[in-house]
Amino acid sequence: MRLAVLVAVFALQGICALFFVSDIILSVLGIYVPPLSWESREILEISAALGLLLGLGLGGVLILRALRESRQARERLRRAATAFNELLEERFGEWGLTPAEREVALFAIKGLSTPDIARLRATSEGTVKAQTAAIYRKAGVNGRGQLLSLFIEDMMHEEPLGAAPASGASGAA
């Protein structure tokens with residue numbers, strides 16, 4: 001539907017612009033066109049001008065709608081990022097991760113390699129490997145993939161936005 005409206009607006013503006021431009025070009029080139037009655041010419045010019053104004057108005061409406069949808073998408077993304085960060089903090093707390101392990105876990109979830117994490121933290125790869133092993137043990141997983149899948153699964157089973165968060169250990173079975 002939107003695409004059809006957009007195509008119609010562009011077509012209408014194109015036809016109206018073509019009318020004005022062709023009239024000017026024909027005059028400049030001295031090409032004789034049989035005259036129209038002044039009433040017919042005025043009706044054509046008013047129709048073309050109204051078509052351009054209509055296209056401008058519809059284009060403005062479409063731009064405003066796109067801006068509103070973009071704002072809504074950014075807000076949904078912000079809420080999802082906030083929920084994900086809250087989930088990370090909650091799980092890290094449940095697992096009893098140290099501040100260093102939290103940082104390493106976050107880098108691992110972001111997909112950084114062990115050498116990259118070591119370089120960013122200014123520590124050895126052996127230290128990072130020991131920390132990731134501790135993280136996996138505390139989280140009850142065997143590797144990065146399982147660690148990440150815990151968070152993806154939690155996010156997919158979260159309550160809808162705006163609902164009260166489900167408590168971790170309590171609740172009906």
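Read along the sequence, the chain runs α-α-α-α-α-α. That makes 6 helices and 0 strands. Helices (H or I, at least four residues) and strands (E, at least two) are DSSP runs, numbered from the N terminus. This is a predicted model, in which local features need pLDDT of at least 70, side-chain atom pairs count only at pLDDT 80 or more, and totals for chains, interfaces and linings use all residues. Residues are numbered from 1 along each chain as its sequence is written, and side-chain values use heavy atoms, with hydrogens and water left out.

**Stop 1: the whole chain**

Select everything. Along its principal axes, the C-alpha trace spans about 90 × 45 × 20 Å.

Now show the surface. The accessible surface comes to about 12000 Å², and 66% of it belongs to carbon and sulfur atoms. Areas come from the Shrake-Rupley method with a 1.4 Å probe; for residues, only the protein chains shown count as cover. Of the 173 residues, 19% count as buried. Buried means under 20% relative accessible area, exposed over 50%, and partly exposed in between (1.4 Å probe, protein chains only).

**Stop 2: helix H1**

Select residues 2-29, which form helix H1. How far apart are its end C-alpha atoms? They are 40 Å apart, which agrees with the 40 Å that 28 residues should span at 1.5 Å a residue. The expected span is 1.5 Å times one less than the number of residues.

Color Val 9, Cys 16 and Phe 19: these are the buried residues of H1. They pack against H2. Contact here means heavy atoms within 4.5 Å. Just after H1, click Gly 30, which takes a positive phi of about 75 degrees.

**Stop 3: Ala 73 in helix H2**

Go to Ala 73, in helix H2. At 34% relative accessibility, Ala 73 counts as partly exposed.

**Stop 4: helix H3**

Select helix H3 (99-109). Which of its residues are buried? They are Glu 101, Val 104, Ala 105, Phe 107, Ala 108 and Ile 109. Their cover includes H2, H4, H5 and H6. H3 is followed by Gly 111, whose phi is positive, near 95 degrees.

**Stop 5: the loop at Ala 122**

Move on to the loop between helix H4 (114-121) and helix H5 (125-139), where Ala 122 sits. Most residues other than glycine have a negative phi. Ala 122 has a positive phi of about 55 degrees although it is not a glycine. Is Ala 122 buried or exposed? At 72% relative accessibility, Ala 122 counts as exposed.

**Stop 6: helix H5**

Select H5. Its 15 residues should span 21 Å at 1.5 Å a residue, and its end C-alpha atoms are 21 Å apart, which agrees. Color Val 128, Gln 131, Thr 132, Ala 134, Ile 135, Tyr 136 and Ala 139, which are buried. An α-helix has 3.6 residues a turn, so residues three or four places apart point the same way. What covers the buried residues of H5 includes H2 (38-95), H3, H4 and H6 (144-156).

Zoom in on Gln 131. Gln 131 is buried, with a relative accessible area of 13%. Which residues does Gln 131 contact, leaving aside its neighbours within four places in sequence? They are Ala 100, Glu 101, Val 104 and Arg 121. Glu 101 and Val 104 are among the buried residues of H3. Just after H5, Gly 140 takes a positive phi of about 75 degrees.

**Stop 7: Asp 154 in helix H6**

Finish at Asp 154, in helix H6. At 21% relative accessibility, Asp 154 counts as partly exposed. Not counting residues up to four places away in sequence, Asp 154 touches Leu 87 and Arg 91. Now draw a line to Phe 20. Asp 154 and Phe 20 are 134 residues apart in sequence and 61 Å apart in space, C-alpha to C-alpha.
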